[in-house]
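Please consult the sequence and structure shown here.

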Amino acid sequence: MFRGNQSNPFDDLVSKSTDENLTGEDWETILNLCDKVQDEGEQGAQNAIAALLKRLAHRSPNVQLYALSVSEALSKNCGIVLHRELASRVFTQGLERLVTDRTTHDKVRKRALGLIAMWAAEFEHDPSLGMMEECYTSLAAKNYRFETPNEPPPPTVDDEVRRREEEELQRALEMSLRDRGGRNSYNPNQSASQVGASNSSIGSSTAGPSTGAGETYPSGYVPARSPPAAAASNSSLPAQTSPSAAAARAPASIPVVTRVRALHTFEATEPGELAFERGDVIRVVDRAYRDWWRGQLRGRTGIFPVNYVEPLPEPSAAELAREAEQEAAVFAQAANVDRLLTLLRDLDSSGERLADNEEIQELYRSCMALRPKIVKLIDKYSQKRADLVVMNEAFVKARTLFDRMMEESLARHAA
């Protein structure tokens, strides 16, 4: 069924969606893959399954797990044509080999068994898809246990939490409406009664249980601005005061955390989590929730528990100057390293005793003192390089999306 002597046009898409360095499912690529299979019909389904079989045979558990996730996505989005390829002898035998292989990771085996059970139940009413049932029966006879994957239930939210979140959302919407347009939206002819009515309506919406500075909510939501400060500024302002000035003063007392240091080692157990070692410095990119923040470390982005880290203050100008001086001192020692290497090469040819050469001994001691500083600088600039790579990738995606949307907009107006 699969012709191995021809290049498979699906290999690149499947490899990208199952890359072992991914921190979570690449749904954009997976959905593009589904669209391509639907466009090409039976031939596309065959090529997609052939490419997935190669990834299932990979030795990396991450690749195998992503390949199983892609298989599930294809089965849910591509219809009967893809189902026939999933229930083919070649693919079911590939699944069976994956399950029975002693070197297969337990998570991969459980995931594969769960999908086999799910597909067997979905295909049981179609006789043309009976191979999946045979695979299920064969593995059941070998005493493998099947666990059908279930979606986790949504978290329960009580009425009090919901009410507080609705109040906070209403407050944010009203502040946004007041500040919309900046200075250009300010009308100097607006009557004092209109401004006063606006302030009184906002003050009534903020008169809720939010009374403490820096309040957080049970759901984990942390407002970007302090509601008490905003409410106090609204109640104390005269009618003619611009609301944007109050909004600008409100967040002044809230410290912004942009970097944190890991107090403990954290191992990721779910896709999308950011693993780190104790002492790692993580750049914070999102603080929308109380218990979990999103950060970047060495080119990886993911969420991490807040109780594993401590905030780091922003370096002062004096600290930055001191750090620059220390780096300059390290680079200034490069000549000593070169001098040590030259002396060692000359010593090897002359046959002189190493212990008798005081200059070499002194240079060696000074160079050994540099080693931890060099390692620290390597780690620092590796982190910066990884951050810049991530930033560049995000910029390229944004630019591509902008160009595409601009072209579509121009095409619509031209038509």
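## Helix α6

The 18 residues of α6 should span 26 Å at 1.5 Å a residue, and its end C-alpha atoms are 26 Å apart, which agrees. The expected span is 1.5 Å times one less than the number of residues; helices are DSSP runs (H or I, at least four residues), numbered from the N terminus.

The model is predicted: local features need pLDDT of at least 70 and side-chain atom pairs pLDDT 80 or more, while totals for chains, interfaces and linings use all residues. Residues are numbered from 1 along each chain as its sequence is written, and side-chain values use heavy atoms, without hydrogens and water.

Among the buried residues of α6 are Val108, Arg109, Leu113, Trp119 and Phe123; buried means under 20% relative accessible area with a 1.4 Å probe, counting protein chains only. Their cover includes α3, α4, α5 and α7, where contact means heavy atoms within 4.5 Å.

## Nonpolar cores

The largest nonpolar core has 41 residues, and Leu74 and Trp119 have the most contacts inside it. Such a core is a set of buried Ala, Val, Leu, Ile, Met, Phe, Trp, Tyr and Cys residues joined through side-chain atoms within 4.5 Å. Elements giving two or more residues to this core include α2 (27-56), α3 (61-77) and α6 (106-123). The most, eleven residues, come from α2.

Leaving aside residues up to four places away in sequence, Leu74 touches Leu33, Cys34, Val37, Ala48, Leu52 and Leu82.

## Position of Met406

Met406 belongs to helix α14 (residues 358-414).

Technical notes
Buried means under 20% relative accessible area, exposed over 50%, partly exposed in between (1.4 Å probe, protein chains only).
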